[in-house]
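Subject: Structure for you to look at, with notes

Dear colleague,

Here is the structure I said I would pass on to you.

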Amino acid sequence: MKRILAILISSLLFNCSPDLHTSNSPKYLNKVVVFGETHGTKEIPEFFFQQAVEEFQRTKNITVGLELPGRFNNLFIYFDNLKTPIKKSLIRNKLTEDEHWCKFSDGRDSDAMLSLLVNLIHLKYENPLDTVSILSLKLDRGFYDEGAPFFARKFNENNNTSGFVLIGNYHARLIKQANSFSNSLIKENLDIAVLNFATKDGFSTVCPFNQDCKQKKLGVTERHNKTGIYLFENKTEDDWYDGDFFIEKITGAEQAKNLTNECKDTVFKFTPFE
């Protein structure tokens, strides 16, 4: 079994070199960290935000990319232009005017993802003198072909300080001679570290093929015991990821709540789980 270097949340240090056992370099400086998630969980968006806040507090400059429809970028500009005090409830109300939150499909439209977006926008608003750049990456001409260059351009405009991306782990894979979002970032000359989610007890919420939503048991690992980020040592070119972000227990996400939009044409039936 591949040996693993455990790096806990409280003292997280990043360096992409698979042979590096220790590092004195700044945590995420000049790196883009790609979190490959499974959609439809409550804890993964929460963990991602915690990591983003920790890094922002250190650098005061972070670029965040999310696997959401490109039209949300117009909403981010709307919030950028607001000059009046803004509360999380007002951010949430404005976001939920969009029909994206009306149906629950694979979790990118869940209450957990909505809360992540609200918290990121609020973080940006509370720190007007610093850089919190939030980007939606599913653009019209393609997630890989347009979304990755768009992120790279904004990251470079923000002085290449710290970049965080949350996407499905399928898109995050580092596979030779295959298309992926991570490979597209590499083509843009970005220095990246790619992580895959891991848990020892987990479920996600899925709505397969227009059917009612249900909970899906996640694959588990015995490699780790404590929530944190773990980098693989002696990584090879055949490895799809540079390491894991491990969350001890993962639970299924729920449908977005208290929507502004009336959502009359909801596609999927969502029944809260016990």
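Predicted model: local features only at pLDDT ≥ 70, side-chain atom pairs only at ≥ 80, totals over all residues.

Residues are numbered from 1 along each chain as its sequence is written, and side-chain values use heavy atoms, with hydrogens and water left out.

**Overall make-up**

The secondary structure comes to seven helices and ten strands, where helices (H or I, at least four residues) and strands (E, at least two) are DSSP runs numbered from the N terminus. Of the 274 residues, 53% count as buried; here buried means under 20% relative accessible area, exposed means over 50%, and partly exposed lies in between, with a 1.4 Å probe and protein chains only. The accessible surface comes to about 13,400 Å², and 48% of that belongs to carbon and sulfur atoms; the areas come from the Shrake-Rupley method with a 1.4 Å probe, and for residues only the protein chains shown count as cover. Among contacts (heavy atoms within 4.5 Å) between residues at least 6 apart in sequence, 72% join residues at least 24 apart.

**Strand 2 and its neighbours**

Strand 2 is mostly covered, seven of its seven residues being buried. Lys31, Val33, Phe35 and Glu37 point one way from the strand, while Val32, Val34 and Gly36 point the other way. With strand 5 (residues 162-168), strand 2 pairs in the parallel sense over seven bridges, and Val34 stands opposite Val165 there; two strands are taken to pair if DSSP finds at least two bridges between them. Strand 2 also runs parallel to strand 6, to which five bridges join it, with Gly36 opposite Asn196.

Strand 6 is also the place of Ala198, a residue that is buried at a relative accessible area of 6%. Not counting residues up to four places away in sequence, Ala198 touches Thr221, Asp244, Phe245, Phe246, Ile247 and Ile250. The C-alpha atoms of Ala198 and Asp244 are separated by 6.1 Å, although the two residues are 46 apart along the chain.

**Nonpolar cores**

A nonpolar core is here a set of buried Ala, Val, Leu, Ile, Met, Phe, Trp, Tyr and Cys residues joined through side-chain atoms within 4.5 Å. The largest one has 42 residues, and those with the most contacts inside it are Phe35, Leu66, Leu95, Leu117 and Phe245. Helix 4 (residues 111-126) gives the most to this core, with eight residues. A second, separate core of 22 residues includes Val32, Phe143, Phe155 and Leu185.

**Helix 3**

Leu95 is also one of the buried residues of helix 3 (residues 88-95), together with Ile91 and Arg92. These three cover an arc of only 95° around the axis, which puts them on the same side of helix 3; the arc is that of the directions from the helix axis to the C-beta atoms. The buried residues of helix 3 pack against helix 2 (72-80) and helix 4. Leu95 itself touches Phe72, Leu75, Phe79, Trp101, Leu114, Leu117, Val118 and Ile121, again not counting residues up to four places away in sequence.

**Salt bridges**

The structure holds 14 salt bridges, each being a side-chain nitrogen of Lys or Arg within 4 Å of a carboxyl oxygen of Asp or Glu. In one of these, the side chains of Lys31 and Asp191 meet at 2.8 Å, N to O. Lys31 lies in strand 2 (residues 31-37) and Asp191 in the loop between helix 7 (181-187) and strand 6 (192-198), so the pair ties together parts that are 160 residues apart in sequence. Lys31 counts as buried at 8% relative accessibility, whereas Asp191, at 39%, counts as partly exposed.

Lys217 forms a salt bridge with Asp201, the closest N and O atoms being 3.7 Å apart. Here Lys217 is in strand 8 (residues 214-217) and Asp201 in the loop between strand 6 and strand 7 (203-206), 16 residues apart. Finally, Arg92, Asp111, Glu254 and Lys257 are linked in a network of salt bridges.

With best wishes
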